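Please open the model in a viewer and have residue selection ready. The stops below are given in the order in which they may be selected.

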Amino acid sequence: MFERLKEDIRTVKERDPAARSTFEVLTNYPGLHALLLHRAAHKIWKSGFCWLGRTLSTFNRWLTGIEIHPGATIGRRFFIDHGMGVVIGETAIIHDDVTLYHGVTLGGTSPNRGKSHPSNQGKRHPTLEEGVVVGAGAKVLGPFVVGANAKIGSNSVVVREVPEGATVVGIPGRIVKKREKVDSRRQQMAEKIGFDAYAVTEDMPDPTANAISAMLDHMQAVDGRIEKLCLTLRERGLDCGDKQLPELREEDFASVKSDAESETLSHP
């Protein structure tokens, strides 16, 4: 029991840079308190004393602000950061090394009576495999699997299976790809028009940012092709129509830059 507690404390220290000492973690981390009380409630529930298990889970919610049904199955090194408003349903299964942030719901979409068993029969809540991270306010609803090492963005609503290693954002949740290496010419063009897609972290990309990045890629490719075409025409003594292209002026994109800077300040 003490070895498991040491592992839980070590997990908090590893995933939360604000954790300064073992005593602080033991006395001031509701996620740890909720996990310890859930283990007791889960054992009581599995022993057939359902009312007593629910009563202990209700006390757990009152004490920590975290609601974990006693029937939920939770693995090792589970970490709930901040914790307030987290809800974990009866048939939810959480594997090892999973992290949840505040306001997360692992809920069900079926009115059928659930069974606290890993089988799919009567299962109403999601299964989170090893290493899953669920951002603040996200809702994962239904009896599907979120694959190992997947990430779910803050405030996303996920209602279908998530592949291993995928990142999901939005409402409804959709899978987004990780950004590839940034092209220097694309970066220059983005800066010129006041768009900085790369302020979005690589692990949690933004779909709109990716769409604009794709347009910048296309613009950069077209620009390069036109330059090569004009160079070839000049070498052959032909006129390529060297008309001066309209200049991209800073003031034309002042409002875009202002919005981008405001967004960066509000979401550091």
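Select His 82 in this predicted model; the residue lies in the loop between β3 and β4 (87-88). Its phi is near 65°, a positive value in a residue other than glycine. His 82 is classed as exposed because its relative accessibility is 56%, and the cut-off for that class is over 50%.

Is Arg 77 buried, partly exposed or exposed? With a relative accessibility of 24%, Arg 77 counts as partly exposed.

The next selection is the pair Ile 171 and Pro 172, which are joined by a cis peptide bond with omega at about -5°. Pro 172 belongs to the loop between β14 (167-169) and β15 (174-176).

Trp 51 sits in helix α4 (residues 50-64) and, at 65% relative accessibility, counts as exposed.

Finally, colour the model by pLDDT. The protein has an average of 78, and 71% of the residues score at least 70. Confidence is highest in strand β8 (residues 127-128), at a mean of 94, and lowest in helix α7 (residues 254-266), at 50. Over residues 263-268 the pLDDT is below 50, and this stretch has zero contacts in the model beyond near neighbours in sequence. Residues 116-120 also stay under 50, with six contacts beyond four places in sequence.

Terms used. Residues numbered from 1 in each chain as written. Predicted model: local features only at pLDDT ≥ 70, side-chain atom pairs only at ≥ 80, totals over all residues. Heavy atoms only, no water. pLDDT = per-residue confidence, 0-100. Helix = DSSP H or I, 4+ residues; strand = E, 2+ residues; numbered from the N terminus. Contact = heavy atoms within 4.5 Å. Buried < 20%, exposed > 50% of the residue type's maximum accessible area, 1.4 Å probe, protein only.
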